[in-house]
Amino acid sequence: MDFELTEELSALQETCRRIAQDKVKPRARDIDDTEEYPQDIFEVFRDAGMLGLCIPPELGGGGAGILGLTIAIEEVAKYSNAAALMLLLTRLPTGPVMIAGSKELNEKYVAPIADGSQRGSFCLSEPQAGSDVMGMRTKAVADGDDWILNGTKCWISGVAQADWYTVFAKTASDVTSRDHDSITAFVVERGWDGVEVGSLDRKMGVRGVATGELLLNDVRVPSANVIGEVGGFRLAMLGLNSMRPIVAARGIGLAEGALMYATEYVKERQAFKQTIADFQGIQWEIAKLATEIEAARLLTYRSAWLADQGKFTKEWVPYLSMAKYYATELAVKASNVCLQMLGAAGYMKDHMTELYYRDAKQLTIVEGTSQVQLGLIARGVLDHYLWWD
């Protein structure tokens, strides 16, 4: 058992930390205020090779795996969860393609993600189908060698910048079917007839990378763009399972950033003839958060290690879900406590604590809510996948 990062991963961590401090930190507030996509940060990530971290070398990526991307996102999320989301979107839409897609699909769509020439997005949720994936109504009907897709996807991160989308649709004749083999994944290009970006959301936080609707109106998709086999609901779950550590990394980074910011503030702020940091109650809050951050890191790094071994099937889900649940709930807790440590100042836009507070809540909702994760963990115990004898 070795808790040290490899030499390569340590070097990656140092590089990403420097980029986060030098390039992301100075832009974090402006990204949130303007809500404009930070193309300059995207180019920094591209030039540093950070867009291909989880993509294998044969497709032009760095081959650092889920753990490498987790480490990078943790560093970036200390200052901006919008920038961290840009890195996450190098894996979320490409995951199903890398897991089950043909060589041609990988070369055509995944390789350009690594070099930054294209961007992708992941389209699963619908107005009436969030956590209830099987409730989706987007339909794909076979037409010769093609498929015709119709439907609306919503809350899609990166929808406005994407060049292509991983889209899940019902391929069963009955769109109300809840059989797992009724859903299939497709790669859909932004430029095809009938593909349109709809309304963009007005978000509480994580501004700068828009979420919104993808509208599909009689979109003709060649059968070559089916990811894996027709009836691939399991593929959606495998893709999301393998993403748990990456979302957790956004939570860890945010918690670290909030605590570091608040700690520096209370060390300087005078009250009652001493600094706020001199009060035992404040010290205890710092200690508790620091302990929980380290606990979350252990859960997350282990889950990333598991995912890199291909251990993201049903029996490993409890371990992956624990990381996502614990780290993202910690982000909410840490941002709340740290804002409170600054008092009135923490509520003002003069300080980053209010930004951390708004950004944190998204993490407990996206890619499986905290309640979904608790259900998956409990099911793992009930089915003895997570057991202690």
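Modeller: Start with a term: a cavity is a set of grid points where a 1.4 Å probe fits but cannot get out, and its lining residues have an atom within 4 Å of a point. Keep in mind that this is a predicted model. The structure holds two cavities of 30 Å³ or more.

Take the second largest cavity. Its volume is about 40 Å³. The lining consists of A28, I31, D32, Y79, S80, N81, A82, R207, L355 and D359. Helix 2 gives the most, with three residues. Now sort the lining by class. Five residues are nonpolar, two are polar and three are charged.

Next, the largest cavity. Its volume is about 150 Å³. There are 14 lining residues, and the closest to the centre are Y37, F42, M86, L89 and R119. By class, this lining has eight nonpolar residues, five polar and one charged.

T166 sits in strand 4, which covers residues 164-170. Is T166 buried or exposed? T166 counts as buried because its relative accessibility is 0%, and the cut-off for buried is under 20%. A polar atom of the T166 side chain lies 2.7 Å from the backbone oxygen of P93. Leaving out residues up to four places away in sequence, T166 touches P93, P96, V97, S121, F122, C123, F186 and I227.

Conventions. Residues numbered from 1 in each chain as written. Predicted model: local features only at pLDDT ≥ 70, side-chain atom pairs only at ≥ 80, totals over all residues. Heavy atoms only, no water. 1 Å grid on protein atoms, 1.4 Å probe; cavity = no way out; pocket = protein on both sides within 12 Å on 5 of 7 lines; lining within 4 Å. Points joined across faces, edges and corners; volume = space filled by probe spheres on them. Nonpolar A, V, L, I, M, F, W, Y, C, P; charged D, E, K, R; others polar. Helix = DSSP H or I, 4+ residues; strand = E, 2+ residues; numbered from the N terminus. Buried < 20%, exposed > 50% of the residue type's maximum accessible area, 1.4 Å probe, protein only. Polar contact = N/O pair within 3.5 Å; in protein donor to acceptor, adjacent residues only side chain to side chain. Contact = heavy atoms within 4.5 Å.
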